[in-house]
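Subject: Structure handover

Hi,

Here is the structure I promised you. Please open it beside this email, and my notes follow below.

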Amino acid sequence: MDRSVLESVPENIRLDHSKDKTQGDFASNIAMILSKQAGCTPRELALMIVANFPDSTEVEKIEIAGPGFINFFMSQSSNSLVVKNIIKQGANYGLSDVGAGQLVLLEFVSANPTGPLHVGHGRGAAYGATVANLLRAIGYQVDNEYYVNDAGRQMDILATSVYLRYVETDKFPDNGYQGDYIIDLAKKINGIEKLDIFDGVCKDEKDGGNKEKHIDNLITNCKKALDDDYKTVFNLAINNILTSIKIDLKEFGVEYQQWFSEQSLIDSGLNNKTVKKLQDSNHIYEKEGALWFKATNFGDDLDRVVVRDNGMHTYFASDIAYHLEKFERGYDKIINIWGADHHGYIARVRASINALNYNSDKLEILLVQFANLFRNGKKVAMSTRSGSFVTLMELREEVGNDAARFFYIMRKADQHMDFDLDLAKSKTNENPVFYIQYAHARICSVLAKAQDNQVSDLALLNNKYEQVLIKQLSRYADVVKNAALNYEPHVLAYYLRDLAGDFHSYYNNSEFLIENKTLQASRLKLIIATKQIIQNGLGLLGVSAPDKM
């Protein structure tokens with residue numbers, strides 16, 4: 001069946017792989033959707049469609065089910081064609097041009113460079129990288145971007161924390177960044193005077209004071225006391241942490257086309273220009289010395305401060321300027337992957353885009369829930385500020401990149417996930433990534449022992465295990481397309497697990513090196529095609545396909 005004929009039909013008319021194989025290989029709801037327009041019942045329209053369906057060697061029979069669903073049963077020759085096409089197209093099988101000519105900007109991770117990436121960031125990294133791979137597989141041109149929050153209060157807290165570790169004070173602030181990495185950064189400081197910056201500072205929370213004012217006072221004193229040396233400490237901290245983040249992500253198979261600096265928005269004056277633009281269009285008002293964006297005019301529940309009464313821009317002001325800059329680059333689609341704790345930011349960001357006269361429908365915001373780690377059946381406690389967290393690097397070293405990438409995308413991104421460290425490290429069939437990789441390695445083992453130089457006849461592949469495996473292979477291209485368009489990598493992960501299961505069943509119930517060389521060659525072709533699909537699918541997930549295990 002020429003699937004290209006169906007490319008222009010309305011979205012609500014479907015041709016889907018049947019879940020129940022007794023109902024054919026494909027099922028369509030076309031009669032259900034168009035019956036009113038045709039002026040008859042769905043079943044009457046289905047009868048007319050079937051009666052006028054052209055003869056095809058690829059369709060063995062057509063049945064009408066229920067009130068008017070049309071079920072298609074594909075022929076043996078059609079099934080054989082799937083195997084041939086997979087082998088012929090190799091690594092290109094499953095690719096399409098659905099998004100051809102469309103440019104996508106995909107921003108993900110964008111963690112503050114105040115410390116190493118932790119396991120929560122890892123889920124966003126794996127999800128974002130896989131979504132990018134899937135979109136590219138269906139023709140989109142995708143640029144991955146990391147927004148570096150290298151300006152603002154959190155960076156000042158980092159620099160001050162590093163300096164306090166450098167002077168080795170025993171009065172470390174409650175709200176400072178802790179952890180061994182801060183001490184390691186402090187050891188890199190050379191030739192800077194060790195000064196007491198606690199003079200005139202309000203009490204910390206542990207002493208009955210206010211921890212926020214305490215750290216802000218320390219930042220002010222640190223900047224004043226160190227003068228130019230403050231920038232040295234600041235740059236040392238951020239450059240070392242950012243370099244570590246870049247290495248960590250690259251080793252995790254996550255590549256970026258651009259690292260966008262928040263500081264560049266300030267240096268270029270875009271923050272000021274954006275606020276001025278909103279003022280000129282009457283979307284900003286002044287209250288109590290601060291400037292407020294009229295977010296409620298665009299559906300947000302509150303108006304938002306963009307410039308504080310002390311003249312400092314808020315994080316939201318930078319967010320507005322950053323999204324303005326994104327839209328000005330001319331992308332067809334802009335995708336932000338945020339942590340679920342940023343849900344409240346969606347309405348205000350969309351409001352600002354509309355206020356700047358851009359189409360906010362171009363922006364899609366995908367939320368990723370946090371990942372909980374479990375070891376020996378117990379949840380691993382983590383706290384970022386206290387420094388008691390498991391880093392992404394530590395996770396990768398413990399379970400490996402393959403298991404980390406796969407386990408992170410096994411659930412829908414907006415669902416909470418429990419990452420079982422013991423399962424991820426196990427070499428059992430219960431470990432899905434091991435199960436899939438083992439299928440690939442098993443095929444490689446069979447092929448290494450065989451001489452595939454005989455003439456095949458794919459029509460001989462007619463036992464129930466072969467038919468199930470072929471039908472599963474035929475689903476791959478649609479699985480990739482749907483996973484990409486819906487930003488759901490887990491769909492591909494589950495498909496590969498099912499495919500591996502179908503192969504293992506075939507392997508356990510069949511012989512491959514047999515006297516009938518034509519049947520042997522045919523079976524080898526089938527498992528070669530299976531091997532190719534496993535390799536293609538795992539590649540999109542950022543997981544390797546080993547030849548031996």
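Which residues on the other side of α10 are exposed? They are Lys273 and Asp280. One caution before the rest: this is a predicted model.

**Helix α10**

Start with the buried side. Helix α10 covers residues 270-280. Its buried residues are Leu270, Asn271, Thr274, Val275 and Leu278. Viewed down the helix axis, these buried residues fall within an arc of 135°, so they line one face of α10. Several elements cover them. Among the helices are α9 (262-267), α11 (315-328) and α12 (345-355). The cover also includes the strands β8 (284-287), β9 (290-293) and β10 (304-307). After α10 comes Asn282, and its phi is positive, near 65°.

**The chain as a whole**

Now step back. The chain has 549 residues, and 49% of them are buried. It holds 20 helices and 15 strands. Along the principal axes, the C-alpha atoms fill a box of roughly 90 × 60 × 35 Å. Take the contacts between residues at least 6 apart in sequence: 69% of these join residues at least 24 apart.

**The second largest pocket**

This pocket has a volume of about 1,200 Å³. Its lining counts 39 residues. Nearest the centre lie Ser110, Ala111, Asn112, Asp341 and His342. Which elements each supply at least two residues of the lining? They are α4 (119-137), α11, β11 (333-339) and α12. The most comes from α11, with five residues. By residue type, the lining divides into 17 nonpolar, 16 polar and six charged.

**Aromatic pairs**

The count of aromatic pairs comes to 22. Take Phe260 and Tyr322. Their ring centres are 4.9 Å apart and their planes stand at 40°, so this pair is tilted. The pair links distant parts of the chain: Phe260 sits in strand β7 (residues 258-261) and Tyr322 in helix α11, 62 residues apart. Phe260 is buried, at 8% relative accessible area. Tyr322 is buried too, at 1%.

Tyr285 and Trp292 make a stacked pair. Here the distance is 6.5 Å centre to centre, with 10° between the planes. Are the two partners buried or partly exposed? Tyr285 counts as partly exposed, at 25% relative accessibility. Trp292 is buried, with a relative accessible area of 18%.

There is also a cluster. Ring pairs link Phe108, Tyr146, Tyr256 and Trp259.

What is Phe108 in contact with, leaving aside its neighbours within four places in sequence? The list is Gly124, Ala125, Gly128, Ala129, Asn144, Glu145, Tyr146, Val254, Tyr256 and Ile337. Take Ala129 from the list: Phe108 and Ala129 are 21 residues apart in sequence, and their C-alpha atoms are 8.4 Å apart in space.

Val109 is found in the loop between β5 and α4. Its phi is near 70°, a positive value in a residue other than glycine. Val109 counts as buried, at 17% relative accessibility, because the cut-off for buried is under 20%.

**Asn376**

Here is another positive phi. Asn376 has a phi near 55°, in a residue other than glycine. It lies in the loop between β13 (371-375) and β14 (378-379). Is Asn376 buried or exposed? With a relative accessible area of 62%, Asn376 is exposed.

**Gln437**

Last stop. Gln437 is found in helix α16 (residues 432-449). It is buried, with a relative accessible area of 8%. Leaving aside neighbours within four places in sequence, Gln437 is in contact with Asp402, Leu538, Val543, Ser544, Pro546 and Met549.

Best wishes

Conventions: Residues are numbered from 1 along each chain as its sequence is written. This is a predicted model: local features need pLDDT of at least 70, side-chain atom pairs count only at pLDDT 80 or more; totals for chains, interfaces and linings use all residues. Side-chain values use heavy atoms; hydrogens and water are left out. Buried means under 20% relative accessible area, exposed over 50%, partly exposed in between (1.4 Å probe, protein chains only). Helices (H or I, at least four residues) and strands (E, at least two) are DSSP runs, numbered from the N terminus. The arc is that of the directions from the helix axis to the C-beta atoms. Contact means heavy atoms within 4.5 Å. On a 1 Å grid over the protein atoms alone, a cavity is a set of points where a 1.4 Å probe fits but cannot get out, and a pocket is an open set with protein on both sides within 12 Å along at least five of seven lines; lining residues have an atom within 4 Å of a point. Grid points are joined across faces, edges and corners, and a volume is the space filled by probe spheres set on the points. Ala, Val, Leu, Ile, Met, Phe, Trp, Tyr, Cys and Pro count as nonpolar, Asp, Glu, Lys and Arg as charged, and the others, Gly among them, as polar. Rings of Phe, Tyr and Trp (its six-membered ring) pair if their centres lie within 6.5 Å; planes under 30 degrees apart count as stacked, over 60 as edge-to-face and the rest as tilted.
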